[in-house]
Amino acid sequence: MNQCISIFYITVIVFVTEYTNALENGLVRTPPMGWLSWERFRCNTDCKNDPDNCISERLFQVMADLLITEGYAAAGYEYVNVDDCWLEKHRSPSGQLIADRSRFPSGMRALSDYIHSKGLKFGIYEDYGNYTCAGYPGIIGHQYEDARLFADWKVDYVKLDGCYAFPHEMEKGYSEFQDILNKTGRPMVFSCSWPVYQIYAGIRPNYTSIKENCNLWRNYDDVQDSWVSVESIIDYYGNNQDLIAPNSGPGHWNDPDMDLYENVDYGILYPSTKIKVKVNPSGVVMLKAEVYVDAKYPNSYKYVFSL
């Protein structure tokens with residue numbers, strides 16, 4: 001017999017706010033909220049056989065529309081964020097990043113314009129390494145041209161992952177890229193992955209530097225489609241709150257990864273258990289984190305929201 005569990009409060013962390021030096025680019029004075037593709041759609045690039053669920057401009061246009069029509073935008077969910085697998089496997093002869101021509105035929109500037117036309121904001125993914133986690137071109141050696149390209153595309157939010165990079169170089173590299181982004185003149189939220197990769201490598205992250213250079217940062221694992229995964233993230237933040245809690249505040253936030261929200265079927269991995277997750281806003285405030293949700297939507301877009 002399937003179990004149905006409702007979670008009403010995530011009251012894990014953070015009741016302390018301290019005044020410290022932090023990144024002050026005027027952005028995300030409250031935790032950013034929006035939709036992100038990774039948890040549900042991963043690196044599905046098979047648009048021929050699975051056009052409704054592949055990483056493509058159509059997917060992000062549909063999600064932008066749903067944020068409006070389903071009332072999420074009115075509640076403050078404003079970012080539509082592209083994750084990994086949007087790129088061609090190689091840069092252009094001049095070294096420029098290129099969106100996959102078959103899945104993003106209109107290009108990223110056109111997608112950005114579409115999202116902005118809805119009154120929403122556009123986020124993009126890259127990696128501080130030779131490659132992204134899925135093997136697409138990273139920014140190393142191209143930081144200046146990539147930052148200028150993101151500005152030209154009117155990107156509002158940059159998530160910088162940390163695959164294929166040396167963790168001991170991340171403090172310097174992420175800090176430099178933040179400065180490069182800032183010098184474009186385009187306000188872009190900067191989401192860092194440097195703490196989690198250093199933690200994996202046994203390096204204690206320098207949170208003073210992190211919050212001086214990042215608007216938000218990942219501390220722990222990606223959330224997976226299982227209650228074990230969600231529970232492990234909650235436990236990590238609870239067990240490490242003395243280290244994590246003082247670093248979060250307006251303009252600089254912890255990132256525990258996406259909320260899985262509203263009828264999420266964890267039975268995909270654990271058939272005997274189905275879990276319905278409800279998020280109480282007070283839980284997010286106490287966690288002092290971004291909010292990015294998996295919600296149930298009709299037809300082929302069931303279980304897609306990562307807000």
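**Entry 1: the Cys 192 link**

I began with Cys 192, which is buried at a relative accessible area of 0%. The model I was reading is a predicted one. Cys 192 is joined to Cys 214 by a disulfide, with 2.1 Å from S to S. I read -95 degrees about the S-S bond, and this link is left-handed. The two cysteines come from distant parts of the chain, 22 residues apart: Cys 192 belongs to strand β6 (residues 189-192), while Cys 214 sits in the loop between α7 (207-213) and β7 (216-218).

Next I took Cys 43 and Cys 85, whose sulfur atoms are 1.9 Å apart in a disulfide. This link is left-handed, with -115 degrees about the S-S bond. The pair spans 42 residues and links distant parts of the chain, from the loop between α1 (38-41) and α2 (57-69), where Cys 43 lies, to the loop between β3 (79-81) and α3 (108-117), where Cys 85 lies. Cys 43 is partly exposed, at 29% relative accessible area, whereas Cys 85 is buried at 1%. The cut-off for buried is under 20%, so Cys 85 falls below it.

I then turned to Cys 47 and Cys 54, which a disulfide joins at 2.0 Å, S to S. Their S-S torsion is about 100 degrees, so I put this one down as right-handed. Cys 47 is partly exposed, with a relative accessible area of 23%, and Cys 54 is buried, with 1%.

What pattern do the disulfides follow? Counting bonded cysteines along the chain, I wrote down 1-4, 2-3, 5-6, 7-8.

**Entry 2: the sheet**

I followed the strands next. Seven of them make an open sheet in the order β2-β3-β4-β5-β6-β7-β8, with parallel pairing. Which strands are at the edges? They are β2 (34-36) and β8 (253-255), each of which pairs on one side only. On average, neighbouring strands of this sheet are turned by 20 degrees against each other, direction ignored.

I checked one pairing in detail. Strands β6 and β7 pair in the parallel sense over two bridges. Ser 191 stands opposite Leu 216 of β7. As for helices on the sheet, I noted that α3 packs on it and touches β3 and β4 (121-127), with its direction at about 145 degrees to that of β4.

**Entry 3: salt bridges**

A search of the whole structure gave me eleven salt bridges. I looked at three pairs, as follows.

Asp 52 and Arg 58 meet through their side chains in a salt bridge, at 2.8 Å from N to O. Asp 52 is partly exposed at 25% relative accessibility, and Arg 58 is partly exposed at 39%.

Asp 156 forms a salt bridge with Arg 186, and the closest N and O atoms are 2.7 Å apart. This pair links distant parts of the chain, 30 residues apart: Asp 156 is in the loop between α4 (143-152) and β5, and Arg 186 is in the loop between α5 and β6. Are these two side chains buried or exposed? Asp 156 counts as buried, at 11% relative accessibility, but Arg 186 counts as partly exposed, at 21%.

Lys 183 forms a salt bridge with Asp 179, where the closest N and O atoms are 3.1 Å apart. Both residues are in helix α5 and lie four residues apart, so about one helical turn separates Lys 183 from Asp 179. Lys 183 is exposed, with a relative accessible area of 64%, whereas Asp 179 is partly exposed, with 33%.

**Entry 4: Glu 169**

Where is Glu 169 found? I located Glu 169 in the loop between β5 (157-161) and α5 (170-183). Glu 169 is partly exposed, at 37% relative accessibility. I also took the spacing to Gln 198: C-alpha to C-alpha, Glu 169 and Gln 198 are 9.6 Å apart in space, and they are 29 residues apart in sequence.

Terms used. Residues are numbered from 1 along each chain as its sequence is written. This is a predicted model: local features need pLDDT of at least 70, side-chain atom pairs count only at pLDDT 80 or more; totals for chains, interfaces and linings use all residues. Side-chain values use heavy atoms; hydrogens and water are left out. A disulfide is a pair of cysteine sulfur atoms within 2.5 Å. Buried means under 20% relative accessible area, exposed over 50%, partly exposed in between (1.4 Å probe, protein chains only). Two strands pair if DSSP finds at least two bridges between them. Axes are lines fitted to C-alpha atoms, for helices over the stretch in contact, and angles run from 0 to 180 degrees between N-to-C directions. Contact means heavy atoms within 4.5 Å. A salt bridge is a side-chain nitrogen of Lys or Arg within 4 Å of a carboxyl oxygen of Asp or Glu.
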